[in-house]
Amino acid sequence: MRFTKRLLTTAVIASAVAAPAMAEGTLDKIKESGVIVLGHRDASIPFSYLADGQTPVGYSHDLQLKVVEAVKKQLKMPNLQVRYNLVTSQTRIPLVQNGTVDLECGSTTNNLERQKQVAFSVGIFEIGTRLLTSKTSGVKDFPDLKGKNVVTTAGTTSERLLKAMNAEKQMGMNIISAKDHGESFLMLESGRAVAFMMDDALLYGELAKAKNPAAWVVTGKPQSFEIYGCMLRKDDPAFKKVVDDAIKATYKSGEINKIYSKWFTSPVPPKGLNLNFPMSDELKELVAKPTDKSAEQM
Amino acid sequence: MIRFNNVHKWFKDLHVLKGVNLEVTQGEVVVVCGPSGSGKSTLIRTVNQLETINEGEIWVDGVNVTDPKTNLNALRAEVGFVFQHFNLYPHLSVLENITLSPIKVKGMDKVAAEKQAINLLEKVGLAHKKDAFPSQLSGGQQQRVAIARGLAMEPRVMLFDEPTSALDPEMIGEVLKVMKDLAESGMTMMVVTHEMGFAREVADRVVFVDHGEIIEQAHPESFFTNPQHDRAKQFLRQLLTPMN
Amino acid sequence: MNYNWDWNVFFKSTGIGSEIYLDWFISGLGWTIAVALVAWIVALIIGSILGVMRTLPNKAAASFAAGYVELFRNVPLLVQLFVWYFLVPDYLPEQTQIWFKQELAPTTSAYISVVVCLALFTAARVCEQVRTGIQALPKGQSAAALAVGFNQAQMYRHVLLPQAFRIIIPPLTSEFLNIFKNSSVASLIGLMELLAQTKQTAEFTANMFEAFTLATIIYFVLNMSLMGLMSWVERKVRVPGMMGGAK
Ligand SMILES: Nc1ncnc2c1ncn2[C@@H]1O[C@H](COP(=O)(O)OP(=O)(O)OP(=O)(O)O)[C@@H](O)[C@H]1O
Ligand SMILES: [Mg+2]
């Protein structure tokens, strides 16, 4: 243990020396280069994903484009170029930090750990963590999961909550941590788990993709709420203000409702699936009173 | 002891043994010689069926070895074979090289096998090398170990395929000496070799093979001094010419 | 880059019971070793049998082994894992299926699948090494073994394989290291081995560089120990004058 600590200390010193500070603000950088770099995901349906394999689309992406419009106006650069940069859950934070990506809008939860690394815009979405199960499973809420196999996606808040719940309430669940949401659903569909715990929006997304969507249902009292936000570099108040203002304006004008229904209650590309996920009270609240705080800070 | 009845062997289209008839009696020492590629190795390897034959029969000690029902492993355990390139097991010590088959094939107990191995090593003059590995021995020493390995199975017959031709000249003598002692102890031996000194001194009979046929068989003295066949004469001339 | 380094992160609570993040790494390492070692032992046994089969005069045995190698070497490992975990259980008898999918703890069924998958995949690679090793031996070795009356099994057991294995220790060492690397596929079916725990820690703490640095150090130390182990084995079985076998 002592050895590990000493090794780690050495690494800290090395990295502190190696890390140069970002001198200028994002707006200056965009102005100089004439380019804004947008971070996006490949499969966070319907938030940010590649429908045709090339350009991103989605709910978060539409809000991201609102910000681009505002930046153009602010910098008086109508011909500002947009460059896209695909990020994954592992790369999104470092790529924002090291200046590769200027703004990431996808399905990134705003939380305290991440606030140490990056800044978040006002919230763009709010999810509750719930359960997807078959209509015949008899599972209505979390207490029904006692002694059952439950799947969740590795590395998510749901996984942590589920494990904590299992330990605290001695529920005797077997918790399967699948690689991604698609695989979690496969575990559910193939009978290895009776329920799949995840962000409700994502559960609706998986349900829409199922062979027989009518066989499945999203249920259970949300165990936590999470607010998604766009990520930008820390300590850049000028850029953050442009981002926040653009999103708030979209909320205020009511345009958000159009964007919401486009992605959550209408067919979405590429397959024309409809998530049928009505806007939750929590999201309505967030739209009414935008905040850049994480759910745990509320 | 060994009898070849009209033995034929083909490698694909190549007719290597063309109707060989030969008999080696109990206690006899027969030397086989002939030009390179004439089929000597093939002939001697058919005795313990390291090479199969296509026609004819071979009998060893009253057993038809070419009968598919014959238990070849049992037969081979009774027939010692010494190779041109020794073929010792490089991963085993000298002692283990000798004791391996008595223990595994005959089920001999380890202590007895080692005692016997040391006896044999004494006979070939290598008891002090029992813990060495093959790579640590000279060629002549390796071949003497190989002979001891063959003898450890207490064979009824010993076969030698050019046992000295891979050796440096100064080591040939020590191997031939061991073979001579063996012959004098009454072992039945079939030896492919061009060592005429050995043939003269030890062999009861010399068999001359050419193009897969036995061309001449005779007592060594008469074969070397008065060969009958032209090809045998030519062969002997070449053998006697230095730098052949 | 304005990254916030925090090496104390490993000693922070995960929020689950009294666990700290370091515990995740330890348990991940445990699973990595448990998967790789068991799969390796099975792969060595099956691979050796197949390698021997490839060198047998029996045509049917040789072509069975050759077909096996083609199949298992050419289908991507991930595909094989999905076959073993999702597809094969669906063809089991009803009772066994329920047992495997529902009664068995999910980690256990994932563990079985990944060990089977890695073992069979690696067996194909071991097979080729063993075959090469046997074929590199001088022809005289098998002749010498047969001439003293060994049957085929004894010949392989006492003469050919001990030599072949000595020759192929270096390539086997690299297969041994590979199986540890490949064991990270386990995370795809929910078995939280080292890489999965690393990603998970990175995800939860947002301290991804610390997490991946620690993982790199652990993998490095693991690799060095495995190499040390194999060179110890090599020294143990070394025979004078038999480096690289054939002379
Ligand atoms: N396994 C084999 N496959 C095909 N041909 C072979 C094989 N072994 C030997 N031959 C051929 O059979 C013939 C006889 O070979 P053999 O080894 O018996 O000759 P030899 O008299 O022992 O020769 P040398 O004195 O050179 O050892 C040669 O033409 C040889 O090329
Ligand atoms: Mg020859």
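Guide: Contact, as the word is used here, means heavy atoms within 4.5 Å. With that in mind, no contact joins chain A and chain B, and their closest C-alpha atoms lie 43 Å apart. The model is a predicted one, and in it 2 pairs of chains are in contact, of which chains A and C share the most contacts.

The part you ask about is the largest nonpolar core, which has 144 residues. The residues with the most contacts inside this core are A:Tyr59, A:Val71, A:Phe125, A:Phe264, B:Phe4, B:Met190 and C:Val114. Helix H5 of chain C, covering residues 106-135, gives the most to the core, with 11 residues. Apart from this core lies another, of 50 residues, and B:Val82, B:Val124, B:Leu167 and B:Val202 are among them. As a general background, nonpolar side chains in soluble globular proteins tend to be buried together.

Leaving aside its neighbours within four places in sequence, A:Phe125 is in contact with A:Phe47, A:Tyr59, A:Ala201, A:Glu226, A:Ile227, A:Tyr228, A:Tyr260, A:Phe264, A:Phe277, A:Leu283 and A:Leu286.

The peptide bond that runs from A:Ile45 to A:Pro46 is cis, with omega near -5°, and A:Pro46 lies in the loop between strand E2 (43-44) and strand E3 (48-50). A:Asn276, for its part, sits in the loop between strand E16 (273-274) and helix H11 (281-288) of chain A, and its phi is near 50°, a positive value in a residue other than glycine.

A:Val217, in strand E12 (residues 216-219) of chain A, has a relative accessible area of 27% and is therefore partly exposed. Setting aside neighbours within four places in sequence, A:Val217 is in contact with A:Leu131, A:Leu132, A:Thr133, A:Ser134, A:Lys135 and A:Leu207, while its C-alpha atom is separated by 26 Å from that of A:Gln170, 47 residues apart along the chain.

Turning to chain C, the axes of helix H8 (residues 169-182) and helix H10 (residues 208-237) come within 10 Å and cross at roughly 155°, and the two helices are therefore roughly antiparallel to each other. H8(C) passes H10(C) in a right-handed crossing. On the side of H8(C), the residues that meet H10(C) include C:Leu172, C:Phe176 and C:Phe180, and on the side of H10(C) they include C:Leu226, C:Met230 and C:Val233. By class, this contact has 13 nonpolar, 2 polar and 2 charged residues.

B:Thr99 lies in helix H3 (residues 94-104) of chain B, and because its relative accessibility is 5%, B:Thr99 counts as buried; beyond its neighbours within four places in sequence, B:Thr99 is in contact with B:Ala113, B:Glu114 and B:Ala117. B:Gln49 is found in the loop between helix H1 (40-47) and strand E4 (55-60) of chain B, where its phi is near 60°, a positive value in a residue other than glycine. B:Gln49 is also buried, with a relative accessible area of 9%.

Terms used
Residues are numbered from 1 along each chain as its sequence is written. Chains are lettered from A and ligands numbered from 1 in the order in which they are written. This is a predicted model: local features need pLDDT of at least 70, side-chain atom pairs count only at pLDDT 80 or more; totals for chains, interfaces and linings use all residues. Side-chain values use heavy atoms; hydrogens and water are left out. A nonpolar core is a set of buried Ala, Val, Leu, Ile, Met, Phe, Trp, Tyr and Cys residues joined through side-chain atoms within 4.5 Å. Buried means under 20% relative accessible area, exposed over 50%, partly exposed in between (1.4 Å probe, protein chains only). Helices (H or I, at least four residues) and strands (E, at least two) are DSSP runs, numbered from the N terminus. Axes are lines fitted to C-alpha atoms, for helices over the stretch in contact, and angles run from 0 to 180 degrees between N-to-C directions. Angles under 35 degrees count as roughly parallel, over 145 as roughly antiparallel, 65 to 115 as roughly perpendicular and the rest as oblique. A crossing is left-handed if the near helix is turned anticlockwise from the far one by less than a right angle, and right-handed if clockwise. Ala, Val, Leu, Ile, Met, Phe, Trp, Tyr, Cys and Pro count as nonpolar, Asp, Glu, Lys and Arg as charged, and the others, Gly among them, as polar.
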